[in-house]
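This report describes how two chains meet and then turns to one residue. Please look at the sequence and structure before reading on.

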Protein chains: 2
Amino acid sequence: MTRYQHLAGLLEQRIEQGLYQSGERLPSVRALSTEHGVSISTVQQAYHLLETRQLIMPQPRSGYFVTPRKATPPVPALTRPAQRPVEITQWESVLELVNVRLETNVLKFGSGMPDVSQPTIKPLWKEMSRLCQYQDARILQYDSVYGVPALREQIARLTVDCGCQLTQDDIVITTGCQEALFVAVRAVCQPGDIVAVESPAFPGTMQILRGLDIKAIEIPTDSVTGISLEALRLALDQWPIKAVLLVPSCNNPLGFIMPDARKKSLVTLAQHFDIAIIEDDAYGELAYEYPRPRAIKSFDEDGRVLLCSSFSKNLAPGLRVGWIAPGRYLERVIHTKYISTGSTVVQPQLAVAEFIRQGHYQPHLRRMRAQYKANLSTFTCWVREYFPSNICVSRPQGGFLMWIELPEYFDSLKLSREVRKAGIQIAAGSLFSASGKYRNCIRLNYANRFTEEMREGLRIVGNEVAKMMHTFPDQNAP
Amino acid sequence: MTRYQHLAGLLEQRIEQGLYQSGERLPSVRALSTEHGVSISTVQQAYHLLETRQLIMPQPRSGYFVTPRKATPPVPALTRPAQRPVEITQWESVLELVNVRLETNVLKFGSGMPDVSQPTIKPLWKEMSRLCQYQDARILQYDSVYGVPALREQIARLTVDCGCQLTQDDIVITTGCQEALFVAVRAVCQPGDIVAVESPAFPGTMQILRGLDIKAIEIPTDSVTGISLEALRLALDQWPIKAVLLVPSCNNPLGFIMPDARKKSLVTLAQHFDIAIIEDDAYGELAYEYPRPRAIKSFDEDGRVLLCSSFSKNLAPGLRVGWIAPGRYLERVIHTKYISTGSTVVQPQLAVAEFIRQGHYQPHLRRMRAQYKANLSTFTCWVREYFPSNICVSRPQGGFLMWIELPEYFDSLKLSREVRKAGIQIAAGSLFSASGKYRNCIRLNYANRFTEEMREGLRIVGNEVAKMMHTFPDQNAP
């Protein structure tokens, strides 16, 4: 840690402890320099850092002040979706959201893109180049339906970190986590079946259910501890549910990590009702605390958990390298994999395998986790600063996605259209519900290194929210 | 044309014309050298070429002889599958076949691999390297669900050659032709539906039907003109068929090109019965005659033809770049594409687009067509030489796959197991039928440049066939 970071840490502590109070003027640069025996420029750098993080703000010709603190917004309460199987809607809105992918000059707060610009990813580029330069013939040939053995071996090793004991024979490579989830749902369900999902839930999975003619039953979900097992049990009692599909570690969109005890209880519940668990671990490696959370799969005793993941969030989504450990459903998974894509593209598989083998993956993960964690703190500050105060904000424990709940009457689809005019994309909450609930919510991406443009973008979104709230003056209570 | 090639051509003509008769001794090297005023080594090269092509054979210390000519085997007759909807079986055999992909030291006559070793493919390697070296950020990011626009534009241009008028907005990129066919079937059919297929038919497609709970009705197919429209009409009269799925240009496995008039009639028939046509054109660009055959899609008037293809057979399957022009089914195709794989891997798309844009694609196709055509003639010679005479052999008009029909009682699965012990893989005919017909047939791949090892391999297969025929002496009539 450099000197200025140390000083910034000290000052932050004092602000937190109330030694410097909200709105109070801070000591001059010179005074601090004397007090701590550091150079003027060190103090300036420290102040600059705190400013970036919105903890302090400069006043022209008056020095720095502690940013007026609004109360930390509460986290969203337990959700209360309709407790009956519903058909999935929202496809048009989902397509609209993903269609923005190729547009440039759009600030993409709505996307699920990780930051792929960090130097720790360079060895991957190098390996991909090398494979082409040496004209590795495997790249041009059909791969096995199961995927490249070297990669499956590396993945099996990685899963030790989430508490699993898998071998390469338990792993099938897929075209991103999306294909893993698709083959998983197909392996477990028939058209007309019912699947239990978290609520809110990842739109990509819900559209799989829609496409396969499966109904979803949305289970109340807590923004800190995850799916309500009590509500799930009630649903299982009442409906012939075939599987529960969830993102238990660094949830998309809520960011929670389901506690181990609850993960274990879920497996017991699944055994009792003899249902499958489809576990989407796409963000699990990006938990802010080390060691990473255990997978539900690690509690699996009889192969009923289908663990799905990918390198899309941890490395880069354009590689389309995902995987599934399908337990007892291996045979059905292989058939679907064969008929839907035949095999997976080879070069990225070889490159990722080598990237991991050479030891580049863990340093990369550490870097990204640290970045996303730091970004979260700044982003939360910005949201507090620019958004009205009667909102709820998630406290992600990993990943790079934030869920904001606005007052109940709020229309985030309208907000989304408004800010789009200013070149800003956000994800409207209704995409995360089978039946279009959460119209008053939005999901924001904070993966990338922050720029002034991003801060300005968020300010615009916040202003627009305030303006739209203003048009409903009677309903403005939280 | 070099001098020795010219001489070889002359000698071949004489053999064809019967000036040198079957089994006759050819002039000595010295005599020919004098006769044609060329060097000894030129004559030796010419003889060597003719030997490779099995037209002549050396006898130790006696010089060269015209290879004893067996009669050219007839083509297989019109097939006669059961004319009722059947469930698809054969999955275990298909999986066994594709599982050989990663094995080395196996002579893969059973595979669908093109030759990817030709120098005309080098610019593709170069472009793939370049994209990595310059760290083109698009490679790491999510692609649009539709695919890379530059590639879709190039594909739209290419389809002019098969008589279509498409724009990039009509094209969706897929993970190989397999995903194109998968999304096509899903776009058109529901579980329980019936689809008409050629017989024999590509196992990959039939397994799609199996996976989606769709029955196949196998339509009699001629090895020269393709699916019997008469039989198809009868089937359409009798059954509620939703679509017909076929490989009309350079068929897999029969190698025919359906005549234009029949392609057009098929469209009329489809209109009359209001069914969709799923056209698999994976091999269409590899027709031996130029210009390439028209696509059925070129006769499409109301968007009922879903044209599926890829760069797997024309460039390299490991890239997993395929595409579909789904006509009126675009919306359903996009939904399936989104839920099954999200988007397609980016780098190969960019590389292929640039390969085409820079003008490398047509020279490569010309080279491959010429190679496959030349290989066919040699391969046919070898088959004539090494196989018993009571067989039928297809006359492929493009591609690199040969279909051999052995006497009716023959068990090619047993043959397949026998030659596998000698490190040779062949594709048993029963894989190409929904109900396990064509047990007496095999499909062989002749894509690669020939080696002595391949000739020896084919000789072993032929010997094994003869041996197995011998064990049924009473049934040995053709």
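## Extent of the interface

Buried area is the accessible area, found with a 1.4 Å probe, that two parts lose on being put together, summed over both. The model is predicted. Between chain B and chain A the buried area is about 5,600 Å², and carbon and sulfur atoms give 66% of this. On the chain B side, the residues that lose the most area to chain A are W125(B), L140(B) and Y142(B), which together make up 17% of what that side buries.

The contact takes 64 residues from chain B and 64 residues from chain A.

## Polar pairs and salt bridges

Between chain B and chain A there are 20 residue pairs in polar contact, counting pairs with both residues at pLDDT 80 or more. The count of salt bridges between these chains is 0.

## The chain B side

Several helices of chain B give two or more residues to the side that touches chain A, namely helix 4 (91-98), helix 5 (122-133), helix 7 (176-188), helix 8 (203-211), helix 11 (330-341) and helix 12 (346-357). Helix 5 of chain B provides the largest share, 7 residues.

By residue type, the side of chain B that touches chain A divides into 33 nonpolar, 22 polar and 9 charged residues.

## Residue Q425(B)

Q425(B) belongs to strand 14 of chain B, which covers residues 424-425. Its relative accessible area is 5%, so Q425(B) is buried, the cut-off being under 20%.

Leaving out residues up to four places away in sequence, Q425(B) touches L97(B), V100(B), V106(B), L107(B), K108(B), F109(B), G110(B), S111(B) and R420(B).

Note on methods. Residues are numbered from 1 along each chain as its sequence is written. Chains are lettered from A and ligands numbered from 1 in the order in which they are written. This is a predicted model: local features need pLDDT of at least 70, side-chain atom pairs count only at pLDDT 80 or more; totals for chains, interfaces and linings use all residues. Side-chain values use heavy atoms; hydrogens and water are left out. Contact means heavy atoms within 4.5 Å. A salt bridge is a side-chain nitrogen of Lys or Arg within 4 Å of a carboxyl oxygen of Asp or Glu. A polar contact is a pair of N or O atoms within 3.5 Å; within protein, one must be able to donate a hydrogen and the other to accept it, and residues adjacent in sequence count only if both atoms are side-chain atoms. Helices (H or I, at least four residues) and strands (E, at least two) are DSSP runs, numbered from the N terminus. Ala, Val, Leu, Ile, Met, Phe, Trp, Tyr, Cys and Pro count as nonpolar, Asp, Glu, Lys and Arg as charged, and the others, Gly among them, as polar. Buried means under 20% relative accessible area, exposed over 50%, partly exposed in between (1.4 Å probe, protein chains only).
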